[in-house]
Amino acid sequence: MEQISILEGRHKQVFEKKTGGEQVEISCDTSSLSGSVSQRACVFCGSRVVLYPVADALHLVHGPIGCAAYTWDIRGAVSSGPELHRLSFSTDLQEMDVIYGGEKKLYHSLIELIEQYKPKAAFIYSTCIVGLIGDDIEAVCRKVAKETGIPVLPVHSEGFKGTKKDGYKAACHALMQLIGTGSTENISKYSINILGEFNLAGEAWIIRKYYEKMGIEVVSTLTGDGRIDAVRRAHGASLNVVQCSGSMTWLAKEMEQKYGIPYIRVSYFGIEDMSKSLYDVAKHFPERPDIMEAAKQVVSEEVKELYPSLQKFKKALTGKKAAIYVGGAFKTFSLIKALRSIGMSVVLAGSQTGNKDDYARLKEMCDEGTVIVDDSNPVELSKFILEKEADLLIGGVKERPIAFKLGIGFCDHNHERKIPLAGFVGMYNFALEVYQSVMSPVWQFAPRKGVKI
Amino acid sequence: MKHAKTATQNACKLCNPLGACLAFRGIENCVPFLHGSQGCATYIRRYLISHYKEPIDIASSNFHEETAVFGGSHNLKIGLKNVSKQYKPEVIGIATTCLSETIGDDVPMIIREYQAEFKNGSPMPIMIHASTPSYMGSHIDGFHAAVRATVKTLAEKGAREKLINIFPNMVSPADIRYLKEILEDFKVPYMLLPDYSQTMDGGPWGEYHRIPPGGTPASAIAMAGSAVASIEFGSTLEASKSAAGYLEEAFGVPRYHMALPIGIKESDKFFTLLEALTEQERPEKYDDERRRLIDAYADGHKYVFEQKVIIYGEEDLVVGMTAFLTEIGITPILCASGGKSGLLRKSIMELIPGMDELGIKVREGVDFVDIEDEAKLLKPDFLIGNSKGYTMSRKNNIPLIRLGFPIHDRFGGQRMHHLGYRGTQELFDRIVNTVIEQRQNASSIGYTYM
């Protein structure tokens, strides 16, 4: 096989766990190398994914058409009511706007769209060139807010001004402008916000139900099935429960500082982490042992139903090997555990946006010989998939064709999925999807099995 | 209520660089490279992958704040170096973005500097530069800009050869394969550009390919200047923006410019042109295809006659489809495009002089909200276009016949035929079946023969 080398400048972002081997501190939090085909996106993408599920807000992308077109109805984030988030709005800047500025176009667009769609708030995303032509977005937003009486929030998400993480932060900053502006009357002391849960395929509803069964009030889900009014009163909750730590930890920290609300990090993927996320919330309210009892009850009922149904998959999948490459590192931890529970080992683990602590923990969790990568690219991923003889790749849309080309199974764990993978029922769906892909007879024709094509 | 409309809502177009990336994928051993932010490459990859279901590597120069302030030269050079090293391409297709265009990077100059700085290294890839600012035109303009830039960079002057250039426009891999089959059956040497029939719809891999096999070789494109003729599809594509236009201007290669050959009349024109250029009759097999299609028209004519449709998408696709639809008795009551060439109406008029009497309305530069507003008034029997019309189709309960690009909610869009007798046959069958299915479902009886 053709030798594939790691690009210079990326050696510190790839690591293989070996006893007695050289201990390289994995380097992350850097921007992607020019010319490598990163699987990452940009600042705008970070902001867009975080705010996208807010269903009764107007999301206006200020820039040329591409950014809005590529993010039109892109995620599986569902709403129980309004669906304004599923429309795509753009100021569609033209050459003349670039020369003379786009403020007027932005102003008129906003006034018209607010009049037509009557949103509860508007988010205005700046894209690359807005950062260059010097439109005063803040001023336009202030003016429109005053004239329309709704919050009009600029999101500083110029694509080149940092990484996807900076986009998360810009989105959180916009949310912070809303939090604290609603009434907290009648909110229970035993209440939480669910942060970093985007209600893909209705996952937030599943999680919410568990907490409600425990007697916990969910004040606001940020941002899955999101509503502006719920965001406004999020500061009334007693605890922030943060999933998808990459995107929302900043917001949790801000809320802790400003409103004294503590936060915990959780994950809803896999039996172990799902159960822990219920127990950890219960532990926060020690004066109410009944909450812990209820949590145990939920877990026991769910596991009793789930466990037997997983055995068929485990039997078939035991000994199979998986590669994981997803956005956030926290998800990787859960996936490793979830895969182990159905008999699979992990030979490659990586993320687009993990930090130093994440990678240290990942190293600890992984088996000997596991390759760990930060901000990888298709060439690298393929190299390790083949070298380590993986049977499955877990990733998003961009990784899917790599798996299928190389003739291995694939599980979509990204924003576009239509099947809930969170919660106990999600674990069943996950195992089923992995089983259906890995065990399919179609791979008998894949060239990696030595079949001539 | 009619609302004032400044913003674009649910765009019926994509941005310029997307088209360029697709076109560059049709050159052998070529890596598309976007000079701009990381997001552009990633979004475009994702968008293309969802249609073609193939790995699509697009490199990016990955602008940072300093890059935007001090210019993209440094990043572009590092990027070119890294791509050359990791992909070992023969060609790098560089397309700009709104960002690099706005800061005014002189990409040709940066490329020349790069070539001078690194000329002693390993063999230097050929660099093609297409200017594709996202704030001008749409994806189809980027597509043509890349094809023209490719020819401009590679084509050389030479003694007239018995060679035909063919520039098929943004058509499906299946269409490209069909065109190649036709030209091979005519036994005429040809240069088709871009040829992503394999790179965007290929087989499985035993090992990883940095660049998938397939595409038009640079050496073949070099010959384009010595061809006897260029055939270029696309009614709204002007010579000043097209590859064939450049070849005519620079090397005197005659440009034969025509609509996308969809339907019998337009396909006939294409075959007649090939017969004239090659001085031979078409192979019998195509007469057979044509006869089967005419026979199918007869068998299915009652289902489709006087059906009203809205057709939308790239302007050239709309023109080609309109020619086909009118010849089977379907009226495109609205021909709509997000593109804005200013030539859509004129191009349709050329093929269908009686368009106004037929009630064919044309609108350029529209989005899906405009089209939906029209649909509510015009009440078409069905919609024809890419899958992005699904939202309006579902909401208004009007069936959608998917074709073109993108098709994100159905399987096999890359294998769909549109061109020639074979493509028309496929489209005709689908249209007739859509009508039949509608009637069958609407009937309370549940007929088993329709």
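Ala122(A), Ala323(A) and Leu392(A) touch the most other members of the largest nonpolar core, which has 286 residues. Such a core is a set of buried Ala, Val, Leu, Ile, Met, Phe, Trp, Tyr and Cys residues joined through C-beta atoms within 7 Å. The model is predicted: local features need pLDDT of at least 70, side-chain atom pairs count only at pLDDT 80 or more, and totals for chains, interfaces and linings use all residues. Residues are numbered from 1 along each chain as its sequence is written, and chains are lettered from A and ligands numbered from 1 in the order in which they are written.

**Strand β4(B)**
- Six of the six residues of β4(B), residues 91–96, are buried, so the strand is largely enclosed by the rest of the structure (buried: 20 or more other C-beta atoms within 10 Å of the residue's own, C-beta atoms being placed from the backbone; strands: DSSP runs of E, at least two residues).
- Val91(B), Gly93(B) and Ala95(B) point one way, and Ile92(B), Ile94(B) and Thr96(B) the other way.
- β4(B) pairs in the parallel sense with β2(B), residues 30–35, over six bridges (pairing: at least two DSSP bridges); Val31(B) is the bridge partner of Ile92(B).
- β5(B), residues 126–130, runs parallel to β4(B) and is joined to it by five bridges, with Ala130(B) opposite Ala95(B).

Key: A residue is buried if 20 or more other C-beta atoms lie within 10 Å of its own, exposed if 12 or fewer, and partly exposed in between; C-beta atoms are placed from the backbone. Helices (H or I, at least four residues) and strands (E, at least two) are DSSP runs, numbered from the N terminus.
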